Amino acid sequence: MEKLKTYFLMIGLTLIFIWFGSFIGGKSGMIIAFVMAVGMNFYAYYNSDKQVLAHYNAIEVDESSASGLYKIVYRLTQRANLPMPRLYIIPEQQPNAFATGRDYEHSAVAVTEGLLQLLDDEEVEAVIAHELSHIKHYDMLIGTIAASLAGAISMLANFGFLFGGSSDEESPNPIVAIILMIVMPLGASIIQMSVSRNREFMADEGAARLTGHPEWLQSALMKLDSYARATILPEAEPQSAHMFIINPFSGKDVSLKELFSTHPSTEARIERLEMLK
């Protein structure tokens, strides 16, 4: 069912993208949008995990090189009825973590050195449970596709401004076209952020139920948020910010932060977890 919902969302976002291409470029715009959408979805499906792990210089570890972390992940995967994901450690001091992969058999969990140094074993277990919940519900694939298509819609809008929209006989009203070229990229970004924020809440709840201790994740989130505001993740990029358990840009002042944040506030997440006790 989770995989089916993922495919429906991918198809829905792709159709919106193709419609927008048709609107601003007529038949040729629709064809361009279709080719771009298929290409981006194909690339994201098969390569997004490798790309993001390489970008953050993640180092793969196993039971012999990270026995404590391995045992925690193995125990939780047995409880969640998931295959063992590949494990990575990112050599950065900002405490953070993310999961990636297109399906259960190609999943990976990465944590920073800072996270392992900051959190105790129970808090690390809660963070890992959060990431496994993302894997369980295919959240990372959905986030990757949503981010790719949101960026592509912005690119199409720029295309429309440069080339003046459709050349078909039944061209759209130019005022409506200009408004859509402004609103569509903004709306796509808001949808992307909303999807990401909602799934963070769901992963928090999944982690609390998997460990049986919501307070472990509450404690971890408080520590992670506090330290993330004081440190930076040098390689962090907006396209992958949604993947992390804590926004890697927490320490930066961003205009309209709440609207365009990829994460709900830590306070809101802790309050939701309090309701599960």
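The dialogue below concerns charged side chains and their pairing.

Author: This is a predicted model, in which local features need pLDDT of at least 70, side-chain atom pairs count only at pLDDT 80 or more, and totals for chains, interfaces and linings use all residues. Residues are numbered from 1 along each chain as its sequence is written, and side-chain values use heavy atoms, with hydrogens and water left out.

Reader: How many salt bridges does the rule give?

Author: Side chains of opposite charge can pair when their charged atoms come close. A salt bridge is a side-chain nitrogen of Lys or Arg within 4 Å of a carboxyl oxygen of Asp or Glu. The count by this rule is nine.

Reader: With which residue does Asp49 form a salt bridge?

Author: Its partner is Arg86, with the closest N and O atoms 3.4 Å apart. Asp49 lies in helix H1 (residues 2–55) and Arg86 in strand S2 (residues 86–90), so the pair ties together parts 37 residues apart in sequence. Helices (H or I, at least four residues) and strands (E, at least two) are DSSP runs, numbered from the N terminus.

Reader: Is Asp49 buried or exposed?

Author: Buried means under 20% relative accessible area, exposed over 50%, and partly exposed in between (1.4 Å probe, protein chains only). Asp49 is buried at 4%, whereas Arg86 is partly exposed at 30%.

Reader: Which residue pairs with Arg269?

Author: Arg269 forms a salt bridge with Glu200, the closest N and O atoms being 3.3 Å apart. Arg269 is buried at 1% relative accessible area, and Glu200 is buried at 1%.
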